[in-house]
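Morning, everyone. Please look at the model on the screen, and I'll walk you through it.

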Amino acid sequence: MSSPIAARTERTASPRRRLIHRLFEASLLFKGLFAGFETLAGLTLLVTPGAAILELLDRVTAPELAQDPRDLLARTLLDASQKLSIETQHFYALYLLTHGGVKLVMVLLLARGMHWAYPVAMGVLALFIAYQIHLFALAPSATLVALSLFDVAMIWPVHAEWRGARARIAQPPTQG
């Protein structure tokens with residue numbers, strides 16, 4: 001996953017800088033996997049009829065509810081699926097496709113070491129956080145909190161890597 005600039009970091013950087021770089025790469029990998037999952041979930045929601053979703057969740061929750069009619073997770077999933085309108089399903093599908101797709105592109109650009117992508121990525125993450133806070137204000141959701149915290153946690157390694165990349169670009173290459 002290392003870019004040519006990052007390869008020089010591995011040879012010449014301090015242990016702290018190497019650790020930050022490894023955290024950055026791990027966060028990119030995790031963010032890329034999660035963004036892929038989001039994109040796939042959005043695509044699935046877009047092409048799956050609402051009745052099929054309701055039937056699947058009914059089948060998944062039925063054994064749990066038979067065993068414990070007050071099972072919080074099963075009850076919550078079933079209640080949510082029964083309130084799922086076509087409009088809501090399409091909103092979530094498009095949101096997940098956009099959120100995941102944009103983040104996949106962002107991860108690919110950062111992994112390639114595109115210098116201009118670092119501030120753009122931080123801006124995109126900040127916009128997602130702001131939008132998720134807005135959605136949370138309208139309808140509180142643990143999922144929105146988790147997504148926002150994940151995005152906040154991603155900004156730090158991107159910023160640290162960007163600072164390091166700027167410093168490496170400013171340094172002349174060492175002879176040897």
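Let's start with a pair of helices, α5 and α6. They cross in a left-handed way. Their axes come within 9 Å, and the crossing angle is roughly 160°. Now for the direction. An angle over 145° counts as roughly antiparallel, and α5 and α6 are therefore roughly antiparallel to each other.

A word of caution before we go on. This is a predicted model. How confident is the predictor in the protein chain? The mean pLDDT is 84, and 88% of the residues reach 70 or more. Where is confidence lowest, and where is it highest? Helix α1, residues 4–12, is lowest, with a mean of 54. Helix α6, residues 117–138, is highest, at 93. Where pLDDT is low, the predicted coordinates should not be read in detail.

Back to α5, with another partner. Helix α5 covers residues 86–111, and helix α2 covers residues 15–47. Two packed helices are described by the angle between their axes and the distance between the axes. For α2 and α5, the angle is about 150°, and the axes are 7 Å apart. So α2 and α5 are roughly antiparallel to each other too. Their crossing is left-handed. What kinds of residues make up this contact? By class, there are 15 nonpolar, nine polar and three charged residues.

Next pair: α3 and α4. Their axes come within 9 Å and cross at roughly 155°. Therefore α3 and α4 are roughly antiparallel to each other. This crossing is left-handed.

Now let's turn to empty space. Rolling a probe the size of a water molecule over the atoms shows where such space is left. How much space lies in the largest pocket? About 1,300 Å³. It is lined by 33 residues. The closest to its centre are Leu45, Ala80, Leu84, Tyr92 and Thr143.

Which elements give two or more residues to that lining? The helices we have paired up are there: α2, α3 (50–67), α4 (72–82), α5 and α6. Helix α7 (142–170) is on the list as well. By class, the lining of the largest pocket divides into 22 nonpolar, eight polar and three charged residues.

That's my tour. Over to you for questions.

Conventions:
Residues are numbered from 1 along each chain as its sequence is written. This is a predicted model: local features need pLDDT of at least 70, side-chain atom pairs count only at pLDDT 80 or more; totals for chains, interfaces and linings use all residues. Side-chain values use heavy atoms; hydrogens and water are left out. Axes are lines fitted to C-alpha atoms, for helices over the stretch in contact, and angles run from 0 to 180 degrees between N-to-C directions. Helices (H or I, at least four residues) and strands (E, at least two) are DSSP runs, numbered from the N terminus. Angles under 35 degrees count as roughly parallel, over 145 as roughly antiparallel, 65 to 115 as roughly perpendicular and the rest as oblique. A crossing is left-handed if the near helix is turned anticlockwise from the far one by less than a right angle, and right-handed if clockwise. Ala, Val, Leu, Ile, Met, Phe, Trp, Tyr, Cys and Pro count as nonpolar, Asp, Glu, Lys and Arg as charged, and the others, Gly among them, as polar. pLDDT is the predictor's confidence in each residue, from 0 to 100. On a 1 Å grid over the protein atoms alone, a cavity is a set of points where a 1.4 Å probe fits but cannot get out, and a pocket is an open set with protein on both sides within 12 Å along at least five of seven lines; lining residues have an atom within 4 Å of a point. Grid points are joined across faces, edges and corners, and a volume is the space filled by probe spheres set on the points.
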